[in-house]
Amino acid sequence: MDDHTHKIELRPTTVADLDILFQFQLDQEARHLAAFTSQDSTNKEAYLAKYTRLLNDPTVNNQTIMIDSVIAGSIAKFIMEGDTELTYWIDKEFWGKGIATTALKNFLTIETARPIFGRVAFDNLGSQKVLENCGFTKIGTDKGFANARQAEIEEFIFRLEH
C-alpha cells in the first residue's frame with residue numbers, strides 16, 4: 001500500500017476515535033520512537049480525559065487520519081509556550097508508506113498558523129524525513145525528559161515558515 005492507491009483524508013477527531021487512537025500509542029516500538037509521551041500512556045482513563053478536554057480546546061486542531069474509511073492515525077496543532085506546534089501519530093501498520101507525509105501536507109492546507117514547529121527525537125529518522133518532505137527546516141536541538149525512555153534525550157526542532 002502506498003498513498004497513490006488509497007484515499008487518505010483528514011477529518012476532525014471525535015471522542016469516538018479516542019479508543020482506537022489510544023490503542024495505537026500502546027505499541028512499545030512506536031512509543032520509543034515518539035519518546036515524549038505522557039507519563040502513564042497505558043492509563044486509558046487518563047488518556048480519554050486528556051484528549052476529550054483537548055477536543056474542546058479552541059486552540060487545538062485535532063484531526064484523524066483516515067485511509068479508505070479506516071483510522072490510521074492522528075495529527076494535531078497545539079500551542080506550547082506561545083509557539084504553534086505540531087504532533088502526529090501513525091499506526092505502525094501504516095509506517096513507511098508515505099501516509100504521514102501525505103497526511104501532514106493535507107493538514108498544512110487546513111492549518112494555516114505559521115510558523116509551525118515540529119519536535120522529533122534525535123533517532124526518529126522516519127519522522128524527521130516526514131517533516132523535511134513537507135518543507136520543514138531543522139533549526140536547532142533541545143534536550144528533554146522522554147517518558148517513554150525514562151531518560152533525557154536530544155530532540156531536533158523543525159520549523160515551517162510559510
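## Asparagine 62

Asparagine 62 sits in strand 2 (strands, E, at least two residues, and helices, H or I, at least four, are DSSP runs numbered from the N terminus). This is a predicted model, where local features need pLDDT of at least 70 and side-chain atom pairs count only at pLDDT 80 or more, while totals for chains, interfaces and linings use all residues. Residues are numbered from 1 along each chain as its sequence is written, and side-chain values use heavy atoms, without hydrogens or water.

Is asparagine 62 buried or exposed? Its relative accessibility is 14%, so it counts as buried (under 20% relative accessible area; exposed is over 50%, partly exposed in between; 1.4 Å probe, protein chains only). Leaving aside neighbours within four places in sequence, asparagine 62 is in contact with residues including Arg11, Leu54 and Ile75 (contact means heavy atoms within 4.5 Å).

## The nonpolar cores

The largest nonpolar core has 24 residues (a core is a set of buried Ala, Val, Leu, Ile, Met, Phe, Trp, Tyr and Cys residues joined through side-chain atoms within 4.5 Å). Ile65, Leu86, Tyr88, Leu104, Leu131 and Phe136 touch the most other members. Helix 4 gives the largest share, six residues.

## The whole chain

The protein chain has five helices and seven strands. From the N terminus on, they run β-α-α-α-β-β-β-α-β-α-β-β. The C-alpha atoms fill a box of roughly 40 × 35 × 30 Å, taken along the principal axes. Buried residues make up 41% of the 162 residues.
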